[in-house]
Amino acid sequence: MEFLVYLVPMAIALGIYSWRRHRLHERSLRAQGEAMNSGLLEPASLHPVVDPLKCIGCGSCIKACPEQPEHHVLGLIDGKAQLVSPTVCIGHGACRVACPVGAIELVFGTATRGVELPRVTPWFETNVPGIFIAGELGGMGLIRNAVEQGRQAVEQIHARRPRGDEELDLVIVGAGPAGFAASLAALERRMRFVTLEQESLGGCVYQYPRGKIVMTQPARLPIVGEIRLRTTSKEELLNLWREIERKVDLKIRCQERVESVQRVNGGFLVRSTAGEYRAHNVLLAIGRRGTPRKLGAPGEELPKVVYRLIEPEQYVGQQVLVVGGGDSALEAATSIAEVNGTGNVLLSYRGDAFSRAKPRNRERVTAIERTGRLKVMLKSQVEAIELESVALRCDDVVRQVANYSVIVSAGGVLPSEFLRTIGVEIETKFGTA
Ligand SMILES: Cc1cc2nc3c(=O)[nH]c(=O)nc-3n(C[C@H](O)[C@H](O)[C@H](O)COP(=O)(O)OP(=O)(O)OC[C@H]3O[C@@H](n4cnc5c(N)ncnc54)[C@H](O)[C@@H]3O)c2cc1C
Ligand code: SF4
């Protein structure tokens, strides 16, 4: 009977362990099924690939992933780790570090979807001498990595004295984490520089959903020193950066998009939506999201026109027009229409069906349209945007529609297209490191 003293607790422990494994298996299958049904199968950039022959199913990678439990990025199916929600992976890489048997490799792209990355030297220079790249554009995602690269790239540029005869030593394009750190480094080194940002300080972080928990690691910001943040929120992080920008009197030129970079007399001519700059070097810290495509309609410069939905709640009580026929347009229109207090949402698309969008989003549009909270106008085009209305052409008839906000989701110009115009070499990775 004495052996029962040991046997019972062991049986209980084993039972709990088996139950937990079973629950994880079920949850992983569910997450994988949801991703498959929604067609969300391609990771955006850097992501793990698990070797099933090496994997011992310990689950350390799942515990280590900072995106969990909010998102089930990795799961355990039949005792082996798998990337069950590929599109949610943002390439933290903590899984690879945690794996005790080296079963995880981090790669870019998949066999079916290549990821284009510029060729960059270890000192951040491209094949075009004087054009540098830092942050996610070069393949190195995450806030801390982008901050580190922005700082280090400017150190490299600064070390290349003597300065040129150009008006500026450096133009920094983009004010996400990489461009922000680069700008602080250039200020610390007393370089002659400008930072041009097409939207607002923060880059990708500015676009996160409200209240998003941001997982990061301590990083050194020039002038400021070590920032020991690990877990924070989008708002706290942005406030911290804005406070630093104000304190050190850094002047980032926001709402100014760089449209071209041309080689001129050993330096560069950078043309933006607001002016021209002659510089000896250019640092591209533009991330990988690209530049939103414009409609080209009169009145598009009005402040009520935006190119990304940040918070559906901000449109309560407003007449909103969403333009576009892809997933982001459908998601923007439906998520606004679903918020209490909205219900005057118009979705305009020039095509005659939403054939490019995922079935799930099309179904959502149909369901909400039936409730009357969303109106769809196919084969329609924006003719002009005015302060309190928009003119929409539909079947050769132009209608004036009352309107307070316009969200244009008409796709974007990818950074690789921009890089090619500058002459930067690009390689495509199909599931390789
Ligand atoms: C949903 C989501 C959640 C994430 N969560 C985390 C997290 O918790 N922790 C973490 O570490 N990382 C996270 N990341 C990743 C992280 O946000 C990015 O890796 C990081 O912001 C990259 O910084 P960057 O400066 O290289 O580029 P970005 O942040 O993309 O900034 C690039 C900037 O360049 C500007 N720009 C682009 N083109 C032009 C142009 N032609 N002219 C002027 N300006 C231009 C853009 O407007 C943008 O502001 C997340 C990403 C996403 C999408
Ligand atoms: S940490 Fe490594 S061995 Fe453990 S489940 Fe993940 S991939 Fe498999």
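Ligand 1 is surrounded by 34 residues, of which Gly135, Gly174, Gly176, Gly203 and Gly287 are the closest. A residue is near a molecule here if its C-beta atom, placed from the backbone, lies within 6 Å of it. The model is a predicted one: local features need pLDDT of at least 70, side-chain atom pairs count only at pLDDT 80 or more, and totals for chains, interfaces and linings use all residues. Residues are numbered from 1 along each chain as its sequence is written, while chains are lettered from A and ligands numbered from 1 in the order in which they are written.

Helix H4 (143–159), helix H5 (177–188), helix H6 (204–207) and strand E9 (213–215) each contribute at least two residues to the shell around ligand 1. Helices (H or I, at least four residues) and strands (E, at least two) are DSSP runs, numbered from the N terminus. The shell around ligand 1 consists of 18 nonpolar, 10 polar and six charged residues. In this classification Ala, Val, Leu, Ile, Met, Phe, Trp, Tyr, Cys and Pro count as nonpolar, Asp, Glu, Lys and Arg as charged, and the others, Gly among them, as polar.

Ligand 2 has 14 residues around it, and Cys55, Cys58, Cys61, Ala81 and Cys99 come nearest. Its shell holds 11 nonpolar and three polar residues, with no charged ones. Cys61, one of the residues nearest ligand 2, is also touched by cysteine 95. Cysteine 95 lies in helix H3 (residues 94–98) and is buried, with 25 other C-beta atoms within 10 Å. A residue is buried if 20 or more other C-beta atoms lie within 10 Å of its own, exposed if 12 or fewer, and partly exposed in between, with C-beta atoms placed from the backbone. Not counting residues up to four places away in sequence, cysteine 95 also touches Pro48, Ala64, Cys65, Leu74 and Ile104; such a contact requires C-beta atoms, placed from the backbone, to lie within 7 Å. Cysteine 95 and proline 209 are 114 residues apart in sequence and 24 Å apart in space, C-alpha to C-alpha.

The overall plan of the chain may now be considered. The protein is divided into domain 1 (19–113), domain 2 (116–290 + 415–429) and domain 3 (305–411), with bounds that come from an automatic or database domain assignment. The C-alpha centres of domain 2 and domain 3 are 33 Å apart. In total, the protein has 10 helices and 27 strands. Its radius of gyration is 25 Å, close to the 22 Å that the globule rule gives for 433 residues, so the protein is as compact as a globular protein of that length. The radius is taken over C-alpha atoms, and the globule rule is 2.2 Å times the number of residues to the power 0.38. Along the principal axes, the C-alpha atoms fill a box of roughly 90 × 65 × 40 Å.

Of the 433 residues, 37% count as buried. In soluble globular proteins, nonpolar side chains tend to be buried together. A nonpolar core is a set of buried Ala, Val, Leu, Ile, Met, Phe, Trp, Tyr and Cys residues joined through C-beta atoms within 7 Å. The largest such core has 51 residues, and Val171, Ala182 and Leu283 have the most contacts inside it. Helix H5 provides the largest share of this core, seven residues. Apart from it lies another core, of 30 residues, among them Ala329, Ala332, Val345 and Val408.

Val408 is in contact with valine 305, as are Glu300, Ile385 and Val406, when neighbours of valine 305 within four places in sequence are left aside. Valine 305 belongs to strand E18 (residues 305–306) and is buried, with 20 other C-beta atoms within 10 Å. The C-alpha atoms of valine 305 and serine 405 are separated by 6.2 Å, although the two residues are 100 residues apart along the chain.

Most residues other than glycine have a negative phi, and most peptide bonds are trans. Asparagine 265, in the loop between strand E14 (258–264) and strand E15 (267–272), has a positive phi near 45° and is exposed, with 10 other C-beta atoms within 10 Å. Aspartate 395, in the loop between strand E23 (389–394) and strand E24 (397–402), has a positive phi near 50°. The peptide bond from glutamine 68 to proline 69 is cis, with omega near 5°.

Note on methods. Contact = placed C-beta atoms within 7 Å.
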